Amino acid sequence: MTQGDRRTPTKVAAVVAVVGAVAFVALATTLVPWDPVPGPTLTAPAADTVFSPHQIAAAEAFTRGARLWSWSSLGVSLAIACWLGFSSLGLRLARAVPGPWWARVVLIVAVLALVGRIATLPFALLLHDHLVDYGLSTQTRPEFLLDLAKGEAIGVVVTSLAVLVVVGSARPWKRAWPAVAGGVLAGFVLVGSLAYPVVIEPIFNHFEPLPDGQLRSQILALADQEGVDVDEVLVADASRRTTTLNAYVSGFGSTRRVVVYDNLVKDLPPGEALSVVAHELAHARHRDVLTGSLLGAAGVLCGVGLLGLVVGLRRGASISDPAVVPFVLALVALAGFVSTPVQNTISRQIETRADVDALRATRDPEAFVQMQKELALRSLSDPTPPALVQLWFGSHPTTMQRIGLAERVPEKQ
């Protein structure tokens with residue numbers, strides 16, 4: 001073992017992990033709405049009371065195919081990450097990369113990303129073809145591959161920066177690197193939330209201000225009613241990629257924006273479109289993007305601490321050596337998969353509160369129900385996914401839960 005290995009800062013790493021975990025629990029306890037629907041447990045209506053047998057069968061058939069290709073891609077991706085990260089092959093590959101340490105880090109990250117993408121590309125193409133076959137995607141294969149390449153390039157840049165911070169911190173601060181790297185990366189998460197709407201989103205979509213008209217006037221009136229300062233209301237040209245309907249809120253502070261898909265504006269009646277926007281305004285009013293960013297920052301801090309502990313237990317591993325990159329990325333991939341249920345459980349609570357606020361703000365449960373039905377039909381979402389699937393991968397309440405919510409909330413107004 002090298003001197004750097006003997007001085008692996010397990011005590012500092014343990015403190016960083018505990019501080020991050022405590023911060024995460026404290027933030028989740030205080031900021032996440034764990035009881036967004038007061039009263040008895042919400043009962044969702046049966047799917048066949050809302051959708052026809054044909055509609056249910058079509059949604060389930062589409063979902064089966066989508067799960068097959070997406071889960072296959074996820075499984076292969078994790079398998080490759082672990083194979084390269086925990087075997088001698090990845091170590092030999094990393095040590096064969098020439099150049100200064102920082103260049104080696106970037107090259108290793110890029111090579112590993114390329115290997116993973118090539119291995120999972122068949123599943124990505126099969127999923128894209130599946131979406132096209134069911135009318136959910138309007139992209140040609142070249143357009144899809146271009147977006148895939150853009151996403152991969154952004155992923156390499158972001159991952160490289162994160163790994164550079166970890167490896168770079170360990171070189172001058174052999175004992176304190178978990179605290180240094182954890183603090184810097186936590187800050188990156190917050191800065192990234194500010195930068196994402198103005199740096200990343202325009203790479204994939206073109207945005208224009210929502211034109212003057214009934215919907216814009218209603219959005220501004222609703223925002224004023226809800227006490228939300230609307231920085232921008234934009235329309236994204238999503239119809240060039242998908243037929244699904246959606247809207248979202250991103251950023252916070254001076255970069256906060258409410259974005260609606262162009263096909264949502266064109267295809268939904270104003271009352272239904274307003275229900276979607278009211279949901280997004282609720283996110284802005286509760287500063288949910290900031291909440292997610294703070295939770296992400298705390299999670300990153302805890303993760304860096306745990307990384308320091310694991311590296312400290314691995315004989316012959318030095319975090320300051322770029323050859324450790326495959327091992328680090330394998331741990332990150334596994335941690336991301338294992339933590340998915342926690343992230344999505346929090347997300348479902350936040351989304352439910354936004355639904356409650358949207359119903360109370362618009363006072364139009366019928367429009368809300370019709371909007372949920374239309375969104376489900378357009379996206380062919382499974383109205384009753386298996387409980388484990390919903391726990392692990394469901395970032396939003398199910399369609400039936402949201403429709404059941406519309407029957408509960410007006411009673412509380």
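Predicted model: local features only at pLDDT ≥ 70, side-chain atom pairs only at ≥ 80, totals over all residues.
1. Helix packing, H5 and H6. Two packed helices are described by the angle between their axes and the distance between the axes. For helix H5 (residues 101-133) and H6, the axes come within 9 Å and cross at roughly 150°. Because angles over 145 degrees count as roughly antiparallel, H5 is roughly antiparallel to H6. The crossing in which H5 passes H6 is right-handed.

2. Helix packing, H7 and H12. The axes of H7 and helix H12 (residues 288-313) come within 8 Å, and their crossing angle is roughly 155°, so that H7 and H12 are roughly antiparallel to each other. The handedness of the crossing of H7 and H12 is right-handed.

3. Phenylalanine 188. Is phenylalanine 188 buried, partly exposed or exposed? Its relative accessibility is 42%, and phenylalanine 188 therefore counts as partly exposed, since that class lies between the limits of 20% and 50%.

4. Side chains of opposite charge can pair when their charged atoms come close. The count of salt bridges in the model comes to 11. In one of them, aspartate 382 pairs with arginine 67, and the closest N and O atoms are 3.3 Å apart. This pair links distant parts of the chain, with aspartate 382 in the loop between helix H14 (365-379) and helix H15 (387-393) and arginine 67 in helix H3 (residues 53-86), 315 residues apart. Aspartate 382 counts as buried because its relative accessibility is 13%, and arginine 67 counts as buried at 17% relative accessibility.

5. Glutamate 226 and arginine 285. The side chains of glutamate 226 and arginine 285 meet in a salt bridge, at 3.6 Å from N to O. Distant parts of the chain are linked by this pair, with glutamate 226 in helix H9 (residues 214-226) and arginine 285 in helix H11 (residues 270-285), 59 residues apart. Glutamate 226 is partly exposed at 21% relative accessibility, a value to be read against the limit of under 20% for buried residues, while arginine 285 is partly exposed with a relative accessible area of 35%. Which residues are linked with Glu226 in a network of salt bridges? The network links Glu226, Arg285 and Asp357.

6. Arginine 378 and aspartate 267. A salt bridge joins arginine 378 to aspartate 267, with the closest N and O atoms 3.0 Å apart. Since arginine 378 lies in helix H14 and aspartate 267 in helix H10 (residues 262-267), the pair ties together parts that are 111 residues apart in sequence. Arginine 378 is partly exposed, with a relative accessible area of 23%, and aspartate 267 counts as partly exposed at 40% relative accessibility.

Notes. Residues numbered from 1 in each chain as written. Heavy atoms only, no water. Buried < 20%, exposed > 50% of the residue type's maximum accessible area, 1.4 Å probe, protein only. Axes fitted to C-alpha atoms, helices over the stretch in contact; angles between N-to-C directions. Helix = DSSP H or I, 4+ residues; strand = E, 2+ residues; numbered from the N terminus. Parallel < 35°, antiparallel > 145°, perpendicular 65-115°, else oblique. Left-handed = near helix turned anticlockwise from the far one by under 90°. Salt bridge = Lys/Arg side-chain N within 4 Å of Asp/Glu carboxyl O.
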